[in-house]
Amino acid sequence: MKWQVEVYEARPDLRLSSSKAAAQQRSINLAISSRGIAALRAVDASAAERFLQTVIPMRGRMIHDRHGNLQSQPYDKDGQCINSIDRTLLNEGLLEEASATPNIRFNFEHKVLSADFDQRVLFLRDGNSGTDVRVKFDLCIAADGSYSIIRRQLMRVVRMNFQQEYIPHEYIELKMPAGHDEHGNPAFLLDPNHLHIWPRHSFMLIALPNKDKTFTCTLFAPTVEFDRLITREDILLWFQNHFPDALSLLGEDKLLKDFEKNPRSPLITTKLTPYHYKDRCVILGDAAHSMVPFFGQGLNCGLEDVRVLLTLLQEECVVPTRAMPNSGDPESDFIDQRLAKALARYSASRHEDVVAICELAMDNYIEMRHSVTTPVYIIKKALDHLLFSLTARGPTVLSSLGDSLSRIAFPTANPRGWLPLYTMVTFRPDISYATAKRKAARQAIILTTMARLGTVGMCATSFYLTWRVLRWLRSQR
């Protein structure tokens, strides 16, 4: 027996040409890494491979300084990469896969107004007819974004701890057009196998490649910085001062059009607990944990939510065993104990991981916009990779984890050896975010101690050499 799934979406079907223009204006390009890929494979391995045909691998960061000089910083000593994926292509692909499943039906332009979880009823508005609709359900799984309506309804029936924070920064999307090769064919203006970063201390510009040879660029800056860019002259002068090489690639006219057309969007962090109510509702993705995009884990964490929930449902042997209850009937008070236990375990176990990645994402903003340019960061990074190389037993191949990740949320509870934080977060879906954060904190103490000892050693060596030189000079008198 299978669940009969009804999907309700407030927006129109994005596969329709009329929906595409609006979708292109507010989209940070997506980076999918091992966690997201592992989640897709756990649901449908063949579909995951089809999605991967559309990605562009990025093997490291390319740092652009103010003078146009470039520095490549690989993500991984074994060449593992993150992947730039077109948000529209991914969403359309997921819709196509789900639509092809017989027990799933989509209802677009249906906006949730409220919910009565005790009576197991959703109240929606049909955007096509303008009429209100009542929908009965056994289990409501909500992934309705940072401003989730279902989350607000949950607050009425559970004692939810909720924290929301707007950081004092915003972003705007820009588009870098394709160039042309010697034969007149479209070509990338930058190396497509890097995530390009122009770090400028309190703000930064990034660029991710697209299949059509363009780059999606995103400017992140404090709100007060954006507020200074009032006229077209202000914008051009600011880019000439801070991003002269990027300006030449973006083109002045295209840059100004993007600034006028594309909205400035806020950046928000949301933390809350619990994520469920009895056996009736659970929230996933941004509805449960909005995060800033600076570790590239928003998409990956949301997909991992699905994988983790799936493993818990399987562990508790949850199956659809009863008919849809009718509102007001005694059966609406029935609680499926297995399902309730699985959802409770999800809330209890997932919260620590979600808080960890939200905090790591904010920390990574400081790293990307400033730390990557400092000598101390470069030295620590080199030492981090050296210790990794000396203790690692070889790369963990994602395909080798497939079976265990479909059965166990995080098979590696106590990772051995030295592992850089970025490696654990990005390339090791068998390690939870919280475990990665704790291990990285312990390793950071060791790195700091080694760096201090190294500084003391260098000072001692310098004094010793100076003393020997002075002695030699005296002997020459």
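Figure 1. The structure, a predicted model, holds 18 aromatic pairs. One of the pairs is formed by F117 and F137, whose rings lie 6.4 Å apart centre to centre. The planes of F117 and F137 make an angle of 70 degrees, and the pair is edge-to-face. F117 belongs to the loop between strand 8 and strand 9, while F137 belongs to the loop between strand 10 and strand 11 (140–142). The two residues are 20 apart in sequence, so the pair ties together parts of the chain that are separated by that stretch.

Figure 2. The strands follow the order 8-9-10 and their pairing is antiparallel. Strand 8 (110–116) and strand 10 (132–136) stand at the edges; each has a single partner strand, so one side of each is left without a neighbour in the sheet. On average, neighbouring strands of this sheet are turned by 30 degrees against each other, direction ignored. In a regular strand, side chains alternate between the two faces of the sheet. E109 is not a glycine, yet it has a positive phi of about 55 degrees.

Figure 3. Strand 9 (residues 121–126) and strand 10 run antiparallel and are joined by 5 bridges. Among the residues of these strands, V121 has K136 in strand 10 as its bridge partner. R125 is partnered by D132, also in strand 10. The two strands form a hairpin with 5 residues between them. In the turn, G130 has a positive phi of about 80 degrees.

Figure 4. Strand 16 (residues 204–209) and strand 17 (residues 215–222) run antiparallel, with 6 bridges joining them. L208 stands opposite T216 in strand 17. At another place in the chain, the peptide bond from T273 to P274 is cis, with omega near 5 degrees. P274 is located in the loop between strand 18 and strand 19 (276–277).

**Figure 5. The second largest pocket.** Its volume is about 700 Å³. The lining of this pocket consists of 23 residues, of which E367, Y377, K381, L421 and A444 are the closest to the centre. Helix 11 (337–369), helix 12 (375–391), helix 14 (421–427) and helix 15 (433–475) are the elements that give two or more residues to the lining. Helix 15 gives the most, with 7 residues. By class, the lining of the second largest pocket has 13 nonpolar, 4 polar and 6 charged residues.

**Figure 6. The largest cavity.** Rolling a probe the size of a water molecule over the atoms shows where empty space is left. In this model the count comes to 2 cavities of 30 Å³ or more. The largest cavity has a volume of about 70 Å³. Its lining is made up of R61, Q73, P74, Y75, Y377, K381, H385 and Y422. Strand 5 (70–74) and helix 12 each supply at least two of the lining residues. Helix 12 gives the most to the lining of the largest cavity, with 3 residues. The lining of the largest cavity divides into 4 nonpolar, 2 polar and 2 charged residues.

How values were computed
Residues numbered from 1 in each chain as written. Heavy atoms only, no water. Pairing = 2+ DSSP bridges. Helix = DSSP H or I, 4+ residues; strand = E, 2+ residues; numbered from the N terminus. Axes fitted to C-alpha atoms, helices over the stretch in contact; angles between N-to-C directions. 1 Å grid on protein atoms, 1.4 Å probe; cavity = no way out; pocket = protein on both sides within 12 Å on 5 of 7 lines; lining within 4 Å. Points joined across faces, edges and corners; volume = space filled by probe spheres on them. Nonpolar A, V, L, I, M, F, W, Y, C, P; charged D, E, K, R; others polar. Phe/Tyr/Trp six-rings, centres within 6.5 Å; stacked < 30°, edge-to-face > 60°.
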